[in-house]
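The exercises below are meant to be worked with the sequence and the coordinates side by side. Try each task before reading the solution that follows it.

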Amino acid sequence: MSVPREQRLEPVLAIGTYAVDVRDGRVGRIMGRVGPCLQLRPPGGGREWDCPLNAARAAPLGEVLRARVREINAEGRLP
């Protein structure tokens with residue numbers, strides 16, 4: 001018996017969540033969307049990049065935790 005698509009539990013690619021750019025494996029926080037692309041920013045800051053929706057997937061929990069640790073470490077650095 002198959003489950004209808006709308007009832008499947010699929011991760012959501014929402015602003016503020018993390019995604020993986022499957023083209024190169026980079027993890028980024030979703031900052032916005034323009035047309036068919038998401039704008040992703042690396043953990044800890046840096047230059048955003050565009051990722052087509054069909055090349056993005058929700059980041060697994062382990063990758064999200066590593067990304068959050070990098071962000072927190074970057075915030076704690078002295079100039």
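**Exercise 1.** Which pattern does the chain follow when read along the sequence?

*Solution.* The model is a predicted one, and its chain has five strands and one helix. Taken along the sequence, these elements give the pattern β-β-β-β-β-α.

**Exercise 2.** Determine the order of the strands in the sheet, and state which of them stand at its edges.

*Solution.* The five strands form an open sheet with antiparallel pairing, in the order β4-β3-β2-β1-β5. Because β4 (49-52) and β5 (56-58) each have a single partner strand, they stand at the edges, and one side of each is left without a neighbour in the sheet. From one strand to the next, the twist averages 50°. For β5, the pairing is with strand β1 (residues 18-21), to which three bridges join it in an antiparallel arrangement; within this pair, V20 stands opposite R57 in β5.

**Exercise 3.** Locate E63, and decide whether E63 is buried or exposed.

*Solution.* Begin with the element: E63 is found in helix α1, which spans residues 61-76. This helix lies across β1, β2 (26-34) and β5, and runs at about 105° to β1. Next, consider the contacts: with neighbours within four places in sequence left aside, E63 is in contact with V20, V27 and R57. Finally, apply the cut-off: the relative accessible area of E63 is 18%, and buried means under 20%, so E63 counts as buried. For the chain as a whole, 28% of the 79 residues count as buried.

Key: Residues are numbered from 1 along each chain as its sequence is written. This is a predicted model: local features need pLDDT of at least 70, side-chain atom pairs count only at pLDDT 80 or more; totals for chains, interfaces and linings use all residues. Side-chain values use heavy atoms; hydrogens and water are left out. Helices (H or I, at least four residues) and strands (E, at least two) are DSSP runs, numbered from the N terminus. Buried means under 20% relative accessible area, exposed over 50%, partly exposed in between (1.4 Å probe, protein chains only). Contact means heavy atoms within 4.5 Å. Two strands pair if DSSP finds at least two bridges between them. Axes are lines fitted to C-alpha atoms, for helices over the stretch in contact, and angles run from 0 to 180 degrees between N-to-C directions.
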